[in-house]
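Visitor: Could you show me how to read burial and charge pairing in a model like this one?

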Amino acid sequence: MTKRNKISLRNIDWGIVLFYIIMIFFGYMNLYSVSPEKAEKQLIWILLSLAFIFIIFLFKPIYYKHITPFFFLFTLFLLVGVFFFGKNINGSKSWYVFGPISFQPSELAKISTSLMIAHIMSQEDIENNNKALLHISIILGVPAFLIFLQPDPGSSIIFSSFLLTLYREGLSIFFILYFLFYIFLFVASLSFSPWIVVLLLFIFFIFFFLFKKKILFVDLFFYIFLFISFSVFSIFSPFFFQKFLKQHHKDRINILFQNEFDRKYRDNVGYNLLYSKTAIGSGKFFGKGYQKGTVTKGKFVPEQHTDYIFCTVGEEWGFIGSGILIIFYLLFISRIYLLSERQKDIFGRIFGYSVGNILFIHFIINLGMVMGLFPTIGIVLPFFSYGGSSLWSFTVLLFIFIRIDASDQTSLI
């Protein structure tokens, strides 16, 4: 290696690398407890990850900035191509399969979109810049929409993590609240009649106008637009739910409003959630011990090696082990945010926040899934769940950022 690269290696934040190694190690241990056969394959993917890390450090960070637009277009090409050449697995046409090798282009999209967002926002200030916001919306919307059509609504939801990145860079909190309110309206329209939701919206806006002292004509037009958009969304949410989502997606959402312990649900749509909660609860405070989980050993939880890997932690390591894992994840993500803040180059800061936010949303949604707070939508637990595509995408995301952080903070060269 050149002298320049040796300096970069000495500047690596070895604390965050240690976090990564520990998470990979304990993730492998838990996967081995669930399925030794799957763990053997995972070990191969972990070793191959070292090759990706080596390749990442061969390139100067400036190269990532230069190739970003081409990489993003290549990812969009793969996302479109999967509709024609992809393989349907578990109801979603999300995979390319070449003999024993398979991968999801949606995982690649997380990397390319993170780089593209950093590339655009390092050149354009989004605060009070509608043109820049339009560019960002297109960059986020196109891959998310293509992934949703596969259909893979879980992976498309991950793109909402970029809202947190935009907020750090000056986006008004209003846009995030606006997004969250649409989610609330969707759930409310499925739980009650959408016309009741519209009526409550109308009453709210009437009271808002009555108590607001002064309303300009422009403001009045804006509030009327909000009411109409909220109402139309509420009315069409049940139609969208029935016509555009697959039955297994609808079942996973419906069970959140039901009791999975009820006899009519426990053997079908509520089965996964029932045994996931049973596994976590049976671990109690200290857990049953490594490889002593009866629910895990009995293989009662389908997809326990992927989406539901956390219930293995709950059963075998108990409340203490689960709590330590949660704290560890939060410290790991916090470290990424801290390193992002110290970046002198805007590109590095924005990319770092994107990496941290993607990991954070994956972590929150996965835990919510296994505890019945969020529908099962195929969101893996980073560095713990089985799968080469996800492991490689998280590894590449993290180590591109580590490479950027290790470089001269005054330049990307």
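Guide: Let us begin with Glu315, which is buried, with a relative accessible area of 0%; buried means under 20% relative accessible area, exposed over 50%, and partly exposed in between (1.4 Å probe, protein chains only). This is a predicted model, in which local features need pLDDT of at least 70 and side-chain atom pairs count only at pLDDT 80 or more, while totals for chains, interfaces and linings use all residues. Residues are numbered from 1 along each chain as its sequence is written, and side-chain values use heavy atoms, with hydrogens and water left out.

Visitor: With which residue does Glu315 form a salt bridge?

Guide: Side chains of opposite charge can pair when their charged atoms come close. A salt bridge is a side-chain nitrogen of Lys or Arg within 4 Å of a carboxyl oxygen of Asp or Glu, and Glu315 forms one with Lys288, their closest N and O atoms being 3.0 Å apart. Lys288, at 27% relative accessibility, counts as partly exposed.

Visitor: Which side chain makes a polar contact with the side chain of Lys288?

Guide: That of Thr294, at 2.8 Å; a polar contact is a pair of N or O atoms within 3.5 Å where, within protein, one must be able to donate a hydrogen and the other to accept it, and residues adjacent in sequence count only if both atoms are side-chain atoms. Thr294 itself is exposed, with a relative accessible area of 51%.

Visitor: How many salt bridges does the structure hold?

Guide: There are seven, and Arg168, Glu169, Glu341 and Arg349 are linked in a network of them.
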